[in-house]
Amino acid sequence: MSRIVRLSVDDLIRDGDTLLLRLGEPASPVPAPVADLLLQHIADRDNMNTATNPASRWIFPGRRAGQPARPDHLSALLHEVGVPAAAARGAAIRQQLLELPAPVVADALGYHDKTTGRLLRETGGTWSR
């Protein structure tokens, strides 16, 4: 969540009908249903009509001038709409480990390679090097 709240509208790239999100290089395509929700959210962001945030570039602007929303606030909002953020995060990491070598995932996410190696073994992945 701490990385997600620090995303700005500048991290979104429109390429024709495709929306890309710069989480790293290269930017990742955003699936159509999520892209529609994200664009709708940006058009109607909270905390934009306050004196502190009239020109905020954060996708999730906070209540303090120039600051994004707090990670725990975003996590609570997701929980309210039925998205278990912690479980979703773990599932996403495990899915990446089934598709990519553990050291690559560790480097991309800032994890220790022993952590991703352990998660890989738990998921039954077969990447060995």
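**Exercise 1. Find which residues of α3 meet which residues of α5, and classify the contact.**

Let's start with the residue lists: in this predicted model, I93, R94, L97 and L98 are the α3 residues that meet α5, and their partners there are T116, L119, L120, E122 and T123. Next, sort the contact by class: five residues are nonpolar, two are polar and two are charged.

**Exercise 2. Work out how the axes of α3 and α5 are oriented to each other.**

First, locate the helices: α3 covers residues 85-99 and α5 covers residues 113-123. Their axes lie 9 Å apart, and the packing angle is about 85°. Now apply the cut-off: angles of 65 to 115 degrees count as roughly perpendicular. The two helices are therefore roughly perpendicular to each other.

**Exercise 3. Decide whether T116 is buried or exposed, and list its contacts.**

Begin with its place in the fold: T116 lies in helix α5. Its relative accessibility is 0%, so T116 counts as buried. Then set aside neighbours within four places in sequence; T116 is in contact with L97, A102, V105, A106 and Y111.

**Exercise 4. Describe the nonpolar cores.**

Take the largest core, which has 14 residues; L12, L19, L38, I42 and I59 touch the most other members. Both β2 (18-21) and α1 (32-43) supply at least two residues of this core, and α1 gives the largest share, three residues. Zoom in on L38: not counting residues up to four places away in sequence, L38 touches L12, L19 and I59. Finally, a second, separate core has six residues, among them I93, A102, L119 and L120.

Methods. Residues numbered from 1 in each chain as written. Predicted model: local features only at pLDDT ≥ 70, side-chain atom pairs only at ≥ 80, totals over all residues. Heavy atoms only, no water. Axes fitted to C-alpha atoms, helices over the stretch in contact; angles between N-to-C directions. Helix = DSSP H or I, 4+ residues; strand = E, 2+ residues; numbered from the N terminus. Parallel < 35°, antiparallel > 145°, perpendicular 65-115°, else oblique. Contact = heavy atoms within 4.5 Å. Nonpolar A, V, L, I, M, F, W, Y, C, P; charged D, E, K, R; others polar. Core = buried A, V, L, I, M, F, W, Y, C linked by side-chain atoms within 4.5 Å. Buried < 20%, exposed > 50% of the residue type's maximum accessible area, 1.4 Å probe, protein only.
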